[in-house]
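Here is a short note to read beside the model. Please keep the structure open and follow the points in order.

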Amino acid sequence: MRLGTVLANGRATTVADRAGLLVDLCALSPHVPVGRALVAAWEAGDAGVRDAARVATTADPATLPLLDHAAVTWLPPIPDAGTVFAVGLNYLSHCREQGREAPAEPLFFTKLPSSYNGHMGDVVAWPLTQELDYEGELAVVVGRGGRAIPEADALAHCFGYTVMADFTARDLQRRDRQWTRAKGLDGFAPFGPLVATRDEVPDPSALRIVTTVDGVVVQDAPTSEMTFGVARLVACLSQAITLRPGDVITTGTPAGVGVFAKPPRFLVPGNEVRVRIDGIGELVNRVVLPPPPRP
Ligand code: ZN
């Protein structure tokens, strides 16, 4: 099942995708929560939520509360995601394009809640950076959390999979020598549009990520290229940190980012970045000018 969150008629509501139709699950059932609470209820096998999901996928669409794509604003599929963990240098091709060895252990960092953004959300080219870059990534939404999760059980702890665009200010990344600002600017973590639940993705290492900028393919790589696969990342991270339902782990980017192009090319207002993972979805974001300063 593919689940997400949209703003419709002034409220945030959980939606399910039914072959392109958007079913309003909160309108279908008062038992369906939004975001982290949905993940927790889903994993707990909550009867109301499972029932609504079943009806949304099997009932005659004419009897379902549907939302018009044109009338909704996409929020991140987990708008109140707990922590968004990210992983640096996790694709061999991305290590090679910068002349680095693959790390011996996963290199974790985090994206800030103020950076969370949705499908079709604007990404502001903040004046603080002259080197705005994209990173297309597969992201995992944690389902059943836990600490010290064994690698063999780790995929069963994933609620599902989505698409992340890890926007990065390369000049800040270089100057700060750590990545809080560079990857944490407001709006720099769009993800979605939907989460494909884990039953739809039996093998997260058998996917393909394609990123385009204004229609030109800039990244195209199999997820099998990851040094540390999803199960390993969940296992490693949970050795240090208790994972909670609705946390997100974005798993790193392959080669093809703008900073290592020859010559480097950075994003400017008007560019449209699309990150597509077949079977999961396509995330679209436009780069825009900063809003005028408030008086
Ligand atoms: Zn990244």
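1. Start with a term. Buried means under 20% relative accessible area, exposed means over 50%, and partly exposed lies in between, with a 1.4 Å probe and protein chains only. Glutamate 137 has 0% relative accessibility, so it counts as buried. Aspartate 166, at 1%, therefore counts as buried too.

2. A word on the source. The model is predicted: local features need pLDDT of at least 70, side-chain atom pairs count only at pLDDT 80 or more, and totals for chains, interfaces and linings use all residues. Residues are numbered from 1 along each chain as its sequence is written, and side-chain values use heavy atoms, with hydrogens and water left out.

3. Now the zinc ion. Its protein donors are Glu135 (OE), Glu137 (OE) and Asp166 (OD), at 1.9 to 2.1 Å. Donors are N, O and S atoms within 2.8 Å of the metal (3.2 Å for Na, K and Ca); water is not among the atoms, so sites may look incomplete. The spacing in sequence is E-x1-E-x28-D. Glutamate 137 sits in strand 11, and aspartate 166 sits in the loop between strand 12 and strand 13 (168-169); this pair, 29 residues apart, links distant parts of the chain. Helices (H or I, at least four residues) and strands (E, at least two) are DSSP runs, numbered from the N terminus.

4. Look at isoleucine 280. Beyond its neighbours within four places in sequence, its contacts include Arg2, Leu138, Tyr161 and Leu207. Contact means heavy atoms within 4.5 Å.

5. How do helix 2 and helix 3 cross? The axes of helix 2 (residues 36-43) and helix 3 (residues 47-58) come within 8 Å and cross at roughly 95°. That makes helix 2 roughly perpendicular to helix 3; the label covers 65 to 115 degrees. Axes are lines fitted to C-alpha atoms, for helices over the stretch in contact, with angles from 0 to 180 degrees between N-to-C directions. Leu38, Ala41 and Trp42 of helix 2 meet Val49, Arg50 and Ala53 of helix 3.

6. Finally, glycine 45 follows helix 2, and its phi is positive, near 70°.

Methods: Angles under 35 degrees count as roughly parallel, over 145 as roughly antiparallel, 65 to 115 as roughly perpendicular and the rest as oblique.
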